[in-house]
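Hello,

Here is the structure we talked about. Please open it first; my notes follow below.

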Amino acid sequence: MTQHDRLLIIDFGSQVTQLIARRLRELNVYCEIHPYQNVTDAFLAAFAPRAVIFSGGPDSVTRPGSPRPPQSVYALGVPILGICYGQQVMMQDLGGRVEAGEHATAEFGRAYVEQAGRGDEFLSGWFQGGREQVWMSHGDHVAEIAPGFQVLGTSPGAPFAITADPARRFYAVQFHPEVHHTPNGRTLYENFIRLAGFRGDWTMGAYREEAIAKIRAQVGDAKVICGLSGGVDSSVAAVLIHEAIGDQLTCVFVDHGLLRQNEAAEVVAMFRDNYNIPLIHADESDLFLSALDGVSDPEVKRKTIGKLFIDVFQKHAAEVGGAEFLAQGTLYPDVIESVSFSGGPSVTIKSHHNVGGLPAKMGLKLVEPLRELFKDEVRALGHELGLPASFIGRHPFPGPGLAIRCPGEITREKLAILRKADAVYIDQIRRHGLYDEIWQAFVALLPVRTVGVMGDGRTYDYACALRAVTSVDGMTADYYPFTHDFLSETATRIINEVKGINRVTYDITSKPPGTIEWE
């Protein structure tokens, strides 16, 4: 099996650390994110990175006990890149000096860096047009650079915006090259990995072969059941595992009564028509909807649905006979978010159904062949495996389904209204050729009724909210800028075609502060 060159990202708590990993994966570099407190001398020796990146973070290196990497990282003899807080850590650790923030030296948002001193291979392709736009987010600042470093770039609030010790291949920047608002940031990552000698051997073709070998080694001749939702993640996982172990795999598609219009039929047909994978279509809608009767709290909804999924999988694992593994479409962002940066309990925004293991009573072990991948890499793997483009490009759909797009209590009547409205909305998006421009789009049926007039009569029906967002990885998102004509046309169609809705709104909240889903 290929041993990829590996890059280690030491996380100091930045909100955009994942973007560093995404930029590197796009450059065919395998990398992993690990919280600083997990990176010990023993860990470094075992991981054996070809290069290391220090992320940004919210702390101050001037505070006693602030997050630091082990000193041994500087003796590895590999290139290191420090970003924002990571730059300040490098300077403080290696003999420089950082000062606590003052208004005059703080920078937040767009800034411009000017070249200082001679060029360096790290800056190849930079400053071609003079200054470079970057994204700053720092209060503290480097007051004195460490011995051996030189200044390569300055900004009004950061006189040491870019520093380097070329002899040791140590580089540090005060800004964030991973974010969209540093337009030429990718070039710095390209230069850094070239300096580190990466081969760019992280491809989906290679990953496919390695994943198949790992699955075979883990599973042996045992049977596996796969929870199939019809979404990209579980579909790719199912096809990959089937390629590895054939008929040892049985997929279980659970219809919990919370699917979109015609979704169950479409998913079952896709798998039965395209893949010779044993498939159990479990219609458990009565079970789920009965358990959700009268439930309005979103966390209770999620936990109720998660528990019932486990119960259903357990039942069908017994039917299959001899199943020892449950396969899930867990992705790398799920894994990262489940690890607390601080080492303490993290705030729970939403319960994740696919991270944290399985109840002991199930007696099953997990197979998670996608847990090293980001969503766009899963789609690339899907192309590699030959999945239909219509499935690879599907918008994400949450495990709890329409339950969390129906705030308040759930009823069959409200679900029927929601399905029809959602179908009209998605049809509109497809008709206007916008589906592939949008990360996720759906209708939320609001738990309020409003007065309206249709014809000459008074109506008292539900209001709904349209939601459509653009995103790269689902971690942050912005609303899609539909034209007023599109919104007007869509609202008219929904009100005319969906009995039970008389008012349509459009949700323009970004993430953060909101989440993509309503619950």
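UniProt, in an unreviewed entry, lists Cys-84, His-176 and Glu-178 for "active site"; such annotations may be inferred rather than shown by experiment. They span 95 residues in sequence, yet no two of their C-alpha atoms are more than 11.2 Å apart, so they gather at one spot.

A caution: this is a predicted model, where local features need pLDDT of at least 70 and side-chain atom pairs count only at pLDDT 80 or more, while totals for chains, interfaces and linings use all residues. Residues are numbered from 1 along each chain as its sequence is written, and side-chain values use heavy atoms, without hydrogens and water.

His-176 sits in the loop between β11 (170-173) and α4 (185-196); helices (H or I, at least four residues) and strands (E, at least two) are DSSP runs, numbered from the N terminus. His-176 is buried, at 5% relative accessible area (buried is under 20%, exposed over 50%, partly exposed in between; 1.4 Å probe, protein chains only). Its contacts (heavy atoms within 4.5 Å) include Cys-84, Trp-135 and Thr-182.

For "binding site", the unreviewed UniProt entry lists Ser-229, Gly-230, Gly-231, Val-232, Asp-233, Ser-234 and Ser-235. Ser-229 is in the loop between β12 (223-228) and α6. Ser-229 is partly exposed, at 38% relative accessible area. Leaving aside residues up to four places away in sequence, Ser-229 touches Ser-234, Phe-253 and Val-267.

Val-232 and Asp-233 are among the α6 residues that meet α11. On the α11 side, the partners include Lys-375 and Arg-379.

Best wishes
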